[in-house]
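Subject: Handover of a protein structure

Dear colleague,

Please find the structure below, together with its sequence.

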Amino acid sequence: MSTSAAPNTDSQVHWFRNSSPYINAHRGRTFVVMLSGELLDGPRLPTLIHDLALLNSLGIKLVLVHGARPQISARLAESDIESTFEQHMRITDSAALDSVVAAVGALRLKLEGLFSMGLANSPMHNASIRLISGNFVVAKPVGVRGGFDYQHTGEVRRIDVDAIRQQLGNGNVVLLSPVGGSPTGELFNVNAEEVASTAAIALGADKLIIMGEHLRLADPQGHLVRELSPQQAGKLLAGDQYENNGVDRQLTAACHAASNGVARAHLLDAQVDGALIKELFTRDGCGTLVTRETYETLRGARIEDVGGILELIEPLEEDGTLVRRSRELLENEIQRFAIIERDGMVIACAALYPFPEEKTGELACVAVHSSYRKGERGAQVLGYLERRAREQGLHSLFVLTTLTAHWFQQQGFEAAGVEALPGARQSLYNWQRNSKVFVKGL
């Protein structure tokens, strides 16, 4: 008998249930996914194709862009042609162009073959995906810059948006390569990252996803940088941390897309197994998100947040940390609450109940999701309600707690007696619960 551990069915069911909001949100959306050239020769490529096929089956419209830099370099080396780079761009003469076309053509055929897989008992059985490539990228020459003639090195002039949308509407996956044709019939070697970001902008894509080997942005302590604004990304690019290792091109493309209408650009390390699935169908993902939008929002609660607040506070009510609140009570008092929302999920909340005559207010129902208690989110909600209290002319806040006294003391609250409570609140004090009272001046 095998002694290997069986899969944790409960965790699988839990993950699938929690992924359903993302499945619904992504259906019908347009994603531009770029695969670096290094990935196309790596062992994870077949699995990655399976994951892309899964996205297609879930109704996501896919535009796939592939790199070819290492393959072009290999072809040039075989032909004893030396590569020359200026400003991170390969100068492509007529002889080099033959190697570029050969490398890109071979990669196109390789990807077409992988998308044609349909073996029984394989992830793509009966997938029947059509991968469509063509002259969707219109290029123009870079020309002469700084005294260097870039010859057949080009830039993207435009993307044939109508033709791509027609193919996406037919359920096909569109493949864009780093070679573009010009109106004069010439071919130009173009940057794959530029193709990806330009296509995402032109199509009004919902996401640009760039995948590379070891594409991991880390802070000075080595921790993954999970979110950047385009401005923060620009500051990173201004330094030399990522210069000449490929990440600068990929981060530049993500920053360009996020600054020009693409809601979210993702940088993923394809060495992480299932990185694409984790990024798209889990709340925290596994890569770096470049976005103008705020991933977390601190705001006043609305009636549609009641369900999320109830789900957040239920465990704390069960262990006695919080007093139980009914849905009806929450609906009636929702204007008292502030929340932190993370990608559609309420991860922190608190409420303010003013006592105008005494110029004080009660801070109540302070809760932070167990997975997010190391990020000062409780203090952020507290600060929000303190500002709201000052706007209402209150001079102090008080709180009643049984289990979190130490945290409130860290936030500047001081111990007090029941007599410090407003008269109306004293009459409602639950002596059986025996909560401790803390007060903070504003």
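In which sense do strand β15 and strand β16 pair, and over how many bridges? Strand β15 (residues 264–269) and strand β16 (residues 288–290) are antiparallel partners, joined over three bridges. Helices and strands are DSSP runs, numbered from the N terminus, with at least four residues (H or I) for a helix and at least two (E) for a strand. Two strands are taken to pair if DSSP finds at least two bridges between them.

Please note that this is a predicted model, in which local features need pLDDT of at least 70 and side-chain atom pairs count only at pLDDT 80 or more, while totals for chains, interfaces and linings use all residues. Residues are numbered from 1 along each chain as its sequence is written, and side-chain values use heavy atoms, with hydrogens and water left out.

The chain as a whole

The protein chain contains 14 helices and 23 strands. Its C-alpha atoms fill a box of roughly 90 × 65 × 40 Å along the principal axes. Of the 442 residues in the protein chain, 47% are buried; buried means under 20% relative accessible area, exposed over 50%, and partly exposed in between (1.4 Å probe, protein chains only). Taking contacts between residues at least 6 apart in sequence, 71% join residues at least 24 apart, where contact means heavy atoms within 4.5 Å. The chain exposes about 22000 Å², and carbon and sulfur atoms supply 48% of that area (Shrake-Rupley method, 1.4 Å probe; for residues, only the protein chains shown count as cover).

Strand β13 (residues 207–212) runs parallel to β15 and is joined to β15 by six bridges; here isoleucine 209 faces histidine 266. Six of the six residues of β15 are buried, so β15 is largely enclosed by the rest of the structure. Both faces are covered: Arg264, His266 and Leu268 are buried on one side, and Ala265, Leu267 and Asp269 on the other.

Strand β2 (residues 61–66) includes lysine 61, which is partly exposed, with a relative accessible area of 33%. Lysine 61 and arginine 29 are 32 residues apart along the chain, yet their C-alpha atoms are separated by 5.9 Å. Not counting residues up to four places away in sequence, lysine 61 touches Gly28, Arg29, Thr30, Phe31 and Leu168.

Phe31 is also one of the contacts of histidine 26, along with Ile60, Lys207, Leu280 and Phe281, leaving aside neighbours within four places in sequence. Histidine 26 lies in helix α1 (residues 9–26) and counts as buried, at 9% relative accessibility.

The seven-strand sheet

There is also an open sheet of seven strands with mixed pairing, ordered β17-β18-β19-β20-β21-β23-β22. Strands β17 (296–300) and β22 (414–416) stand at the edges with a single partner strand each, so one side of each is left without a neighbour in the sheet. From one strand to the next, the twist averages 25°; axes are lines fitted to C-alpha atoms, for helices over the stretch in contact, and angles run from 0 to 180 degrees between N-to-C directions.

Strand β21 (residues 396–401) and strand β23 (residues 436–441) are antiparallel partners over six bridges. In this pairing leucine 400 stands opposite valine 437, and threonine 401 has lysine 436 as its bridge partner. Strand β23 also pairs with β22, in the antiparallel sense over three bridges, and there alanine 415 is the bridge partner of phenylalanine 438.

Two helices lie across strands of this sheet. Helix α10 (residues 306–318) lies across β18 (337–342), β19 (345–355) and β20 (360–368), at about 85° to β19. Helix α12 (residues 377–391) lies across β17, β18, β19, β20, β21 and β23, and runs at about 30° to β19.

Yours sincerely
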